[in-house]
Amino acid sequence: MAQSFVYTSNPARIVFGAGSIRQIAKELRRLGGTRALVLSTPSQHPNAQLLSEQLCTLSAGIYTNAIMHTPVAVTEQAMTIFAACGADCVVSLGGGSTIGLGKAIAYRNNAPQLVVPTTYAGSEVTSVLGQTENRIKTTVSDISILPEVVIYDPELTLSLPVQISITSGLNAMAHAVEGLYALNRNPVTSLMAIEGIRTLKHALPLIVANPIDIQARTDALYGAWLCGSVLGSVGMALHHKLCHTLGGSFNLPHAATHAITLPHTIAYNAIAAAETLTPITKLFGNNIGDGLYDFAVSLGAPIALKDLGLKESELDYAADIVVKNPYWNPRPLERKAIRALLQRSWNGSRPE
């Protein structure tokens, strides 16, 4: 029987399906945009240039210096370009780094956003912005941060490297797994979480086997959207706090950090959150931490933080940051246990 709950739906317009990128000009006009600044990372520069040319007079130009963890200095530079080219909206093409920059601009000047995700990040459907300054990553939530339109075109993900597909898919899965035991969870987000996790668990091995399997790519993008929607609707806990710490303070790659730490953070909370995690035991077994670890290994995902460049000598500092500011988690945050969790994540050991 359903209990009392509150569910807030984020008012984003979703355009989903192969070839949907061809609707971008129509969607921009529908949004009221007349001069869009097209954003991307340096590696996506050619695609951003092509998209800008396709938009013709709807494009005000491109800015292709987005980098991970949304440094404030980069945002300020992009704001200068936005004003100089007379832009009135942004088009973010890419993954979490580009999406974060678009959000940061919108948070400062309320510019409408259209997002074209090319990974499985999921942040395009949240009103949360994570930004970094002085090696500290902080988050802010505001309705102005939520992109108004998201175009999901699986054809744009066909060239996404397999390794990035794996890590960003596990990143998306992490949103939904933590959403199952969120303090403000509700029946709607739990259903979305279970479906998102199930879909990604099915799709990711197929992508590893055949990276141009359009149906698998479509399913993965669908699963990522569901998992991102969970992230945008409920609060997160230890896993996301830990990843923000490792990313913001040590500049570790966002998706790979999520992929490595997920089995360990879920194992940490498994007993305290056993009832709410029950629905996914059919997918990963009764020991969900072990099941997630084995799934990541089967995909060829990274499993050790040391392989991302984190030094063992930095683990104590990371543990201190994680427990510094109190926040809700199913299991109390114990500094000694967090430090042990980090050690196993660094080693690539199985979770406890």
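Let me begin with burial: of the 352 residues in this protein, 55% are buried, where buried means under 20% relative accessible area, exposed means over 50%, and partly exposed lies in between, with a 1.4 Å probe and protein chains only. Please keep in mind that this is a predicted model, in which local features need pLDDT of at least 70 and side-chain atom pairs count only at pLDDT 80 or more, while totals for chains, interfaces and linings use all residues. Residues are numbered from 1 along each chain as its sequence is written, and side-chain values use heavy atoms, with hydrogens and water left out.

Now to the overall form. The protein has a radius of gyration of 19 Å, which agrees with the value near 20 Å that a compact globule of 352 residues would have; this radius is taken over C-alpha atoms, and the globule rule is 2.2 Å times the number of residues to the power 0.38. Along the principal axes, the C-alpha trace spans about 55 × 45 × 40 Å.

Within that form we find 14 helices and eight strands, which are DSSP runs numbered from the N terminus, helices being H or I with at least four residues and strands being E with at least two. If we take contacts, meaning heavy atoms within 4.5 Å, between residues at least 6 apart in sequence, then 75% of them join residues at least 24 apart.

Over residues 166–345 the chain is 70% helix and 0% strand, and the end C-alpha atoms lie 18 Å apart.

Let me turn to single residues. Most residues other than glycine have a negative phi. His69, although not a glycine, has a positive phi of about 70°, and this residue sits in the loop between strand S3 (59–63) and helix H3 (72–84). Is His69 buried or exposed? His69 counts as buried, because its relative accessibility is 6%. Asn251 is likewise not a glycine and has a positive phi of about 60°; its place is in the loop between helix H8 (238–250) and helix H9 (254–269).

Finally, Lys282 belongs to helix H11, residues 281–284, and counts as exposed because its relative accessibility is 81%. From C-alpha to C-alpha, Lys282 and Gly130 are 33 Å apart in space, and they are 152 residues apart in sequence.
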